[in-house]
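Thanks for coming. I will show one structure and go through a few places in it.

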Amino acid sequence: MRKKTSSVFVITVSVLILFILGASYLHLTNGVFDMSVMDVLKTLLRIEPNPKFDLVIFEFRLPRIVIAALVGVGLGIAGVVLQGITRNGLADPGILGINAGAGAAVVIFMFFFQLRLTSADMSSWFSILMMPIFGFVGGAMAAVLIFSFARKNGHLDMQRLILTGIAINSGFGALSLFLSLKMNAQDYENAAVWMAGSIYNANWIFVVNMLPWLILLGFYVYRKSYLLDYFQLEEDSITSLGIAVEKEKMKLLLASVGLVSACVSVSGSIGFIGLMAPHIAKQLVGIQHRYVMPVSALIGAGLLVLADFIGKTVFAPSELAVGIVVSIIGIPYFLYLLVKSKA
């Protein structure tokens with residue numbers, strides 16, 4: 001049985017990598033400025049360097065693809081963790097308000113430090129690197145509020161969790177909107193596009209900004225993935241195994257908040273990836289979290305790269321924020337899961 005699961009896992013991962021490469025190929029070669037496969041290969045392999053192709057690939061399209069993939073990986077992993085520790089298939093960083101908390105903190109940072117995310121000349125590396133830290137504080141505050149109000153008789157109440165998450169989401173969303181309205185016209189436009197979930201202004205600074213968070217926290221969470229299997233049991237059974245349930249849950253929660261904050265700091269609030277990716281992963285490779293987590297990460301990366309490509313091309317030359325494209329897919333999926341959970 002284990003060999004069969006491992007084989008399915010290897011095949012699934014291979015297919016997903018091919019899917020990501022295919023979506024990346026479409027993203028690289030299509031847009032306002034179309035390029036052939038040979039143009040891309042010659043530019044990447046430095047056979048016949050062309051300043052025009054260099055600009056399009058290395059400054060615009062490639063960092064955008066990398067950011068989309070990294071954000072998808074982070075949100076996919078965070079979704080697995082949140083669904084695992086809450087034992088709720090509807091848990092998602094966006095629905096629970098963690099995205100909104102991190103986003104509100106980053107908007108506060110933008111408001112007071114006058115940081116323009118679309119500026120070619122960033123104010124400083126220090127300011128850019130501070131954004132995930134602000135996001136982490138905001139996301140952690142949202143998580144603490146949600147889990148405090150969602151407790152009933154010392155345990156998480158799933159109904160309260162969702163309701164509290166929706167309330168926290170609305171509250172932090174209102175705060176973000178209020179602060180953005182206090183900005184000047186240009187900063188407001190930048191903040192509004194960013195809050196809708198957009199990576200069109202991606203650059204290599206943002207990649208460097210979020211990569212350490214993703215590597216360190218992603219590795220930590222994967223090392224602890226076996227605990228998520230235990231968390232599906234009754235709490236008394238887990239305690240009898242010598243596992244400090246609340247302590248481990250809090251560590252995993254803070255790690256997932258860190259992942260979400262790093263993603264939000266470079267892409268704004270993108271919902272539903274953390275909801276859809278874990279469910280699709282479980283349908284493909286079963287319920288063991290050591291298999292579910294990497295598959296969910298790859299699904300998140302593939303979905304976001306493809307969604308960004310759709311947002312870039314469907315209304316060209318105008319662009320649709322990737323967060324809106326994901327929501328168009330995610331809202332019906334969320335309603336389907338909601339109906340299924342009540343059946």
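Which helix gives the most to the lining of the second largest pocket? It is helix 6, with 5 residues. Keep in mind that this is a predicted model.

Staying with that pocket, its volume is about 410 Å³. It is lined by 18 residues, and the closest to its centre are G94, N99, A100, N169 and S269. Sorted by class, the lining has 10 polar residues, 7 nonpolar and 1 charged.

Next, a pair of helices. Helix 3 covers residues 51-86 and helix 12 covers residues 273-285; their axes come within 7 Å and cross at roughly 75°. Angles of 65 to 115 degrees count as roughly perpendicular, so that is the term for helix 3 and helix 12. On the helix 3 side the contact is made by G72, L75, G76, G79, V80 and Q83. Helix 12 brings I273, G274, L275, A277, P278, H279 and K282. The class count for this contact is 6 nonpolar, 6 polar and 1 charged.

Is L16 buried or exposed? Its relative accessible area is 11%, and the cut-off for buried is under 20%, so L16 is buried. Setting aside neighbours within four places in sequence, L16 is in contact with V295, L298 and I299. L16 and G302 are 286 residues apart in sequence, yet their C-alpha atoms are 7.3 Å apart in space.

That is what I have.

Technical notes
Residues numbered from 1 in each chain as written. Predicted model: local features only at pLDDT ≥ 70, side-chain atom pairs only at ≥ 80, totals over all residues. Heavy atoms only, no water. 1 Å grid on protein atoms, 1.4 Å probe; cavity = no way out; pocket = protein on both sides within 12 Å on 5 of 7 lines; lining within 4 Å. Points joined across faces, edges and corners; volume = space filled by probe spheres on them. Helix = DSSP H or I, 4+ residues; strand = E, 2+ residues; numbered from the N terminus. Nonpolar A, V, L, I, M, F, W, Y, C, P; charged D, E, K, R; others polar. Axes fitted to C-alpha atoms, helices over the stretch in contact; angles between N-to-C directions. Parallel < 35°, antiparallel > 145°, perpendicular 65-115°, else oblique. Contact = heavy atoms within 4.5 Å. Buried < 20%, exposed > 50% of the residue type's maximum accessible area, 1.4 Å probe, protein only.
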